[in-house]
Structure formats: structure tokens, C-alpha cells
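This report describes packed helices and charged pairs in one model. Please look over the sequence and the structure before reading on.

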Amino acid sequence: MHFTINGRAYEADVDIRTSILDLCREHLGLTGAKKGCDHGQCGACTVLIDGRRVNSCLTLAVMHQDDEITTIEGLGQIGDPHPLQEAFVRHDGYQCGYCTPGQICSAVGMLDEVAKGWPSHVSEDLAAPLLDDGEISERMSGNLCRCAAYPNIVDAIREVAQAEPEGRTADEKDAAMIGEVLA
Amino acid sequence: MKSFIYEKADTPEAAVRDIATDGARFIAGGTNLLDLMKLQVETPAKLVDISRLDLATIDDAEDGGLLIGAMVPNSDLAADPRVIANYEVLSRALLAGASGQLRNKASTGGNLLQRTRCYYFYDLASRCNKRSPGSGCDAIGGINRILAVLGTSEHCIATHPSDMAVAMRALDATIVTLKADGDRRRIPIHDFYRLPGDTPHIETVLERGELITHIALPKPPSGRQSYRKVRDRASYAFALVSVAGIIGMESGRIANASLAFGGLGPMPWRDPAVEAALIGQAPTIDAFAAAADALVADAKGHGSNDFKLPLARRTLIAVLRDLTGA
């Protein structure tokens, strides 16, 4: 089978039952996406397929050979983190970190949904949803954090959501410090 | 997971041809089927991939309604401006279900066909007439907090888990199919699901190999619409009780009422007696209580789900107050 993951082409000879999660973790060395429940209940395996967030554990690899798959490895690099990665560090949006790649991939997909004007369960006006903390919590409810870092996750996502489109919200000193920590 | 043969269908006609072998199943979003396959509750010998069929658009229908392709993801349906403007109950119901990730993947047709979340259906060590016909039902007399109080039988008390289907029932949707022999048919949603009786493993009137191609909504109903869901946590949980309501008022009286319920029965539930108790009435607490009494008249708790009877009454009354401003 052939795949496009994080802009790179891969060939893999895998069992027909292989999920995108197992493909990435067990066959391609992309271990960023995590296996939590393996049943679509925890969100730790969240990746983006053609820009849409999905549970990679409930996704057969064979069905997505012609799609663009993006994992956490494709969002940020060491020394050049994604704005959400920076914000999670700055706001301490994790404790053990196991759910974090899924949280960040999910947040990227979620903010794109917000940009498209998609409503949520808590939107008062479905035609014009506003992104407040309640909206962030509801829209991120498919990502569990057993360390319960939820308030800080919401803080991190809110900061990126409110950032100017062209810029990152971290000041340069912060960004440099985070780069050092990650390096 | 048991292994399977995989085929990808390019057209609906090819899909119904490919499905014509024993143990073959369609797969679209796969969010429910793959979950069940991992547990070997489902063990299809062959999967026919219908996810790329050209059935992912929402089109205006000639009768003023909408024709929704079966492959439209739940997210896209919930966010469609026409659905938001004219079928708010459907958008609200979809958004009350699952998570953002699952709604991005789950299809409209698949949502109608999702299986119960009864604990015993999922547990291969338990007896379940739905999973293994004739084996018995461990839910009856067991832990049945999430299970049904209406339309059950001595063989099965499973609930249908969908929120979307509850709204579809309130909206009088029609399921459009393509049969293995090439015939098409239109099935009103009130005829689509089957009560469990002594065959709880047969959940719809679909024939073997019959493919849902579209869901048709009639022209928008008059009046206000809402979907209220009561569950054990604020998000990402199945309904204990849900109500899809559409109420139209004229001259201070209820002119039209359409009420469907989730979490109560083996199918999205609708009872003409509930609506008859409301139509022509002024929106008073007495009228609402009469409708709620009609809803639970034949309801039967099974122990740990007894609470659903008062919860269903109260939720219905709350929805009616909200929709009528009473």
C-alpha cells in the first residue's frame, strides 16, 4: 500500500486490518500519535486527514491511500514548534504528556472548523458561533486528559485562537526559551 | 479483528453487486463497525468500501426539502446553512452526538444504522440475542441504566444510540435505497426500524445488500424546533433521554406537534398519542403533563433504568415549555 504522511510518500506492506494509528506507530516509526483506548473514545490517536481531525485508531489505512495524512510530526519540528505546541508548553497544558499529540492535532482541526463557521453543541446561534471557553471545552470533548490539565489546555488553545493570523502570540524571549527546552 | 477481503466500490451499482456474498458488509466512516470488529462482535468476511461513492452532497429537492447523500459526514450536515436555517433540530441533534473527530468521519447513512451500546451486546462473555440470536439476554435483570423502557421484548431491551435519527424521525425523513436487484425504494423513517420482538438481531427493514443512498427531508416544518439531550456528562456521552421537538402555534394554541425521543426505545421513538394530547391545546402545564403521561403510559423500567420514566416526563415537559414559551 502507498501513503502520503506529513508530505512524504511511503510504501508499506501491511495487513489489511491495519489502522492508520498502527501503520504510523508500528510500521513507519511515527510514534507521535498515541494509542489510548483504541476504540475512538479518548482522542489520543487524533490525526488530520485532508485537514480534518479523525480518530486514527478507527480508520483503516487501506481506505486512505490517496489522502494527505498529517500527524503531530508534521505540525512542528524540534526548534520550530507549532504555535499550539508553544502555547501548550507556556500554559503547562499537560502533565504526563501522553494525550498531548492528540490534543494538539485535534485543536488544529478544531480551529479550522471554527474558521469555517461550524457550530457546536453549545453554540447559542448556530449560524454565528463565538469561540469562548465553553465552546473550546465542548469542541475538545473528544480528547480526554487523565491528568486533568483541561483548564491549561483551554488557556493554550484560547491564546492561539485569539492570535493575529500572521503571528504567534509568544514574545521572542518566550519563543527562544521554549526552543531551548525542546532542543 | 478477524481478517476480511477488501473491495472499494466506485458506483452504488457496483457496491450492491460487490456486497452479494455471504458475510459482506458496507463500510463508510467505519467508526462503529471497526470498533465492533476489534471486539469481534462483528466479523464480516468482506468489506465493501462505499466511502468514496459520489453520494456526499446535500441538494435542494423539488418539493422544497433536502436530499442528503448517505456519505455526507455528520459534521458537514450539522454545519450546512440550509440545515441550520430550516432544520435546526437536526443540526442540534448531530452536534449533541459523539465528538468532533467522530462526526468528521461518521456518515449520514451509517449513523442511521449504528448498533446499540448495550454493555452485554459488546461483551462476548454475556448472553445477547442481538449478537447471538437465541442465546438469551443478560441485560434483563442486569445492569441496564442506559437501556430501553419502551418497545422492548422479553428478548431484548437495547436502545438505539443515535441522536441524529431522533431528529430525522421528528422531521419525517425518508430513507432512499438501492437494492441488490437494481430497484430503488423510498422508506419513510417510521417504517424503517423494527421492534425487537423475538428477532432483535434484525433492526431495520433493509434487505440483504440494500444500500442507503440518500436521506430525504420534506419541506421545513412550521414552528420552533429544539433538541434536548440528558446524559451522564456534559459532552461526548450517549443519551439517557433525548427529545427532538417541533411545535407550531396558532392563535395561542398548539397547531402542530412532532416529538421524537432517544434513549427510551429500540428505535428513535415517536408516539402519536403524545402529539394528539397537545394539538389544539393551549400551552399549559396540564396539557404538557397529559402528553408526558401518554409517553410513559406503556413504559416499563428494568431496575437500574427505572429513573428514565420520570426523567422522560420531565424532559418532555421542559422541552414543551421552551418551545411554547409557557
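A crossing is left-handed if the near helix is turned anticlockwise from the far one by less than a right angle, and right-handed if clockwise. Helices (H or I, at least four residues) and strands (E, at least two) are DSSP runs, numbered from the N terminus. The model is predicted, with local features needing pLDDT of at least 70, side-chain atom pairs counting only at pLDDT 80 or more, and totals for chains, interfaces and linings using all residues. Residues are numbered from 1 along each chain as its sequence is written, chains are lettered from A and ligands numbered from 1 in the order in which they are written, and side-chain values use heavy atoms, with hydrogens and water left out.

**Helix pairs**

Two packed helices are described by the angle between their axes and the distance between the axes. Axes are lines fitted to C-alpha atoms, for helices over the stretch in contact, and angles run from 0 to 180 degrees between N-to-C directions.

In chain B, helix H12 (residues 285-296) packs on helix H13 (residues 308-324) at about 140 degrees, and their axes are 9 Å apart. H12(B) is therefore oblique to H13(B) (angles under 35 degrees count as roughly parallel, over 145 as roughly antiparallel, 65 to 115 as roughly perpendicular and the rest as oblique). The crossing of H12(B) and H13(B) is right-handed. Residues in this contact (heavy atoms within 4.5 Å) include Phe288(B) and Leu295(B) of H12(B), and Leu316(B) and Arg321(B) of H13(B). Sorted by class, the contact of H12(B) with H13(B) has twelve nonpolar, one polar and three charged residues. Here Ala, Val, Leu, Ile, Met, Phe, Trp, Tyr, Cys and Pro count as nonpolar, Asp, Glu, Lys and Arg as charged, and the others, Gly among them, as polar.

In chain A, helix H3 (residues 83-90) and helix H6 (residues 150-162) also pack at about 140 degrees, with axes 8 Å apart. H3(A) and H6(A) are therefore oblique to each other, and their crossing is right-handed. Pro83(A), Leu84(A), Ala87(A), Phe88(A) and Arg90(A) of H3(A) touch Ile153(A), Ala156(A), Ile157(A), Glu159(A) and Val160(A) of H6(A). This contact of H3(A) with H6(A) has eight nonpolar, no polar and two charged residues. Buried residues of H3(A) are Leu84(A), Gln85(A), Glu86(A), Ala87(A) and Phe88(A), where buried means under 20% relative accessible area, exposed over 50%, and partly exposed in between (1.4 Å probe, protein chains only). After H3(A) comes Asp92(A), with a positive phi near 55 degrees.

**Salt bridges**

Over all chains, the whole structure has 30 salt bridges, each a side-chain nitrogen of Lys or Arg within 4 Å of a carboxyl oxygen of Asp or Glu. Three of these pairs are tabulated.

| Asp76(B) | Arg52(A) | 2.7 Å |

Asp76(B) is partly exposed, at 25% relative accessible area.

Arg158(A) in helix H6 of chain A and Asp133(A) in helix H5 (residues 133-139) of chain A tie together parts that are 25 residues apart in sequence. Arg158(A) is partly exposed at 22%, and Asp133(A) is partly exposed at 35%.

The pair of Asp172(B) and Arg270(B) ties together parts that are 98 residues apart in sequence. Asp172(B) is partly exposed at 39%, whereas Arg270(B) is buried at 18%. Salt bridges with shared partners also join Arg25(B), Glu42(B), Arg115(B), Lys130(B) and Glu203(B) into one network.
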